[in-house]
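Hello,

Here is the model for your records. Please look at it first; my notes follow.

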Amino acid sequence: MAVVGAGGWGKNLVRNFAAAPGARLVWCCDLNEAILSRLAPQLPGTRMTTRVEEVLASPDVDAVAIATDAPTHHLMARQALEAGKHVYVEKPLTLEARTSRELIRLAEERGKQLMVGHLLLFHPAVEKIESLLGSGELGDIYYMYTQRLNLGVVRKDESAWWSLAPHDVSVILHLFGTEPGTVSARGESYLQPGVQDVVFVNLHFPDRRMAQIHVSWLDPHKMRKMTIVGTKKMVVFDDMEAAEKIKIYDKGADVSPDYASYNEAITLRQGDIYLPRVDMTEPLSRECRHFIECVRENRRPKTGGEDGLRVVRVLEAAQQSIEEGGRPVTLEEPRGPARRGRKDP
Ligand SMILES: NC(=O)c1ccc[n+]([C@@H]2O[C@H](COP(=O)([O-])OP(=O)(O)OC[C@H]3O[C@@H](n4cnc5c(N)ncnc54)[C@H](O)[C@@H]3O)[C@@H](O)[C@H]2O)c1
């Protein structure tokens, strides 16, 4: 394995890939030599370089994990696939659906795995919610909403939407099992021109299910929360809680078909609240191990290129809606030319 981009997040990939069974971390690559000097003493068997070409030319590298900044994902991943490597890319896969499709095609042509780092799909709490939906305990989803808020980290190349929302979008698409029909979004740039700090997005699905996403790096709260309202029960996943990450609310409203008046028709149910046990394994460790297993066993990843593309399509549609004053954008609409700063090379 090689990891390219060992900055704020990439150093976590380095730690996990170095410790994962079934792989050996043979290269770490970053443009910043200070980062490499800090890593080198902890990784005696790993070579350090600032030149990605050196990594891609190495015959002992089967797979490359890319955690450089998002605008470089497309080019980096393309070069790695063209060099015959399996590729793991941090989210978002790329900044345009067009370039995501190109990577998927390339991976297929070369017979290589392409995986995107949709971390939350490896979170035991999300897997628990999946199993609650699968067993029918929650019923069907009426709607859900997510809040990913904090003061910082303020980025320059990516808006809060592109930086934070891929996590929420990936979970919503996974739990709903389908793509939204329309996406409408409002966002504002208060700190830097053209880089939205706060974004509110509504996804509307053809079967009347809805999801709302609120992301911001200009907020007094530190929140990473998802609320899912089902036809039978409701569930809250609060990733800021140290242990009690999931609460299941046996609450709901039953509508009787045989009623004399509207007052009698709807019965509210205020049942118990309970906390299921959730495995506390680090999601990133599970994600890295999954990638290695997929490479070794030639299996399609849980979060493959197609999943990355689906998320990018929603990200793009919302960006278009923001730029058009909140107009609902259908996913099938052809996208206009990519806006300045968001075009993939
Ligand atoms: N899954 C998650 O929860 C999560 C969290 C944070 C960031 N991320 C993703 O990880 C990626 C990196 O984010 P970050 O916060 O670590 O950014 P960062 O700026 O801290 O790190 C990026 C690193 O990439 C290096 N780099 C850039 N171009 C390079 C090149 N051509 N060759 C070698 N190295 C190069 C930079 O020197 C820097 O050290 C982004 O895609 C981001 O969306 C994911």
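I start with helix α1. Its buried residues are covered by elements that include β1 (2–4), β2 (27–29), α2 (33–39), β4 (63–66), β5 (86–90) and α9 (283–297). Those buried residues are Gly10, Asn12, Leu13, Val14, Asn16 and Phe17, and α1 itself spans residues 10–19. Buried means under 20% relative accessible area, exposed over 50%, and partly exposed in between (1.4 Å probe, protein chains only). Helices (H or I, at least four residues) and strands (E, at least two) are DSSP runs, numbered from the N terminus.

This is a predicted model: local features need pLDDT of at least 70, side-chain atom pairs count only at pLDDT 80 or more, and totals for chains, interfaces and linings use all residues. Residues are numbered from 1 along each chain as its sequence is written, and side-chain values use heavy atoms, with hydrogens and water left out.

The sheet

Nine strands form an open sheet with mixed pairing, in the order β14-β13-β12-β11-β7-β10-β9-β8-β15. Pairing here takes at least two DSSP bridges between two strands.

Helix α7 (residues 160–176) packs on this sheet. The helix touches β7 (141–151), β9 (198–204), β10 (210–216) and β11. Contact means heavy atoms within 4.5 Å. The directions of α7 and β10 make an angle of about 155 degrees. Axes are lines fitted to C-alpha atoms, for helices over the stretch in contact, and angles run from 0 to 180 degrees between N-to-C directions.

Some strand pairs in detail:
- β8 (residues 182–188) runs antiparallel to β9, with seven bridges. Arginine 186 stands opposite phenylalanine 200 in β9.
- β9 and β10 are also an antiparallel pair with seven bridges. Asparagine 202 faces glutamine 212 in β10, standing opposite it.
- β11 (residues 218–230) and β12 (residues 234–238) pair antiparallel over five bridges. Methionine 226 stands opposite phenylalanine 237 in β12.

Serine 163

Serine 163 sits in α7. Its relative accessibility is 8%, so it counts as buried. The serine 163 side chain makes a polar contact with the side chain of arginine 155, at 3.3 Å. A polar contact is a pair of N or O atoms within 3.5 Å; within protein, one must be able to donate a hydrogen and the other to accept it, and residues adjacent in sequence count only if both atoms are side-chain atoms. Leaving out residues up to four places away in sequence, serine 163 touches Lys91, Arg155, Glu158 and Trp217.

Backbone points to check

Most residues other than glycine have a negative phi, and most peptide bonds are trans. These entries depart from that pattern:
- Lysine 91 to proline 92 is a cis peptide bond, with omega near -10 degrees. Proline 92 is in the loop between β5 and α5.
- Glycine 152 and valine 153 are joined by a cis bond, with omega about -5 degrees. Valine 153 is in the loop between β7 and α7.
- Arginine 208 has a positive phi, near 75 degrees. It lies in the turn of the β9–β10 hairpin, which has five residues between the strands. Arginine 208 is exposed, because its relative accessible area is 72%.
- Asparagine 298 has a positive phi too, near 50 degrees. Its loop joins α9 and α10. At 59% relative accessibility, asparagine 298 counts as exposed.

Best regards
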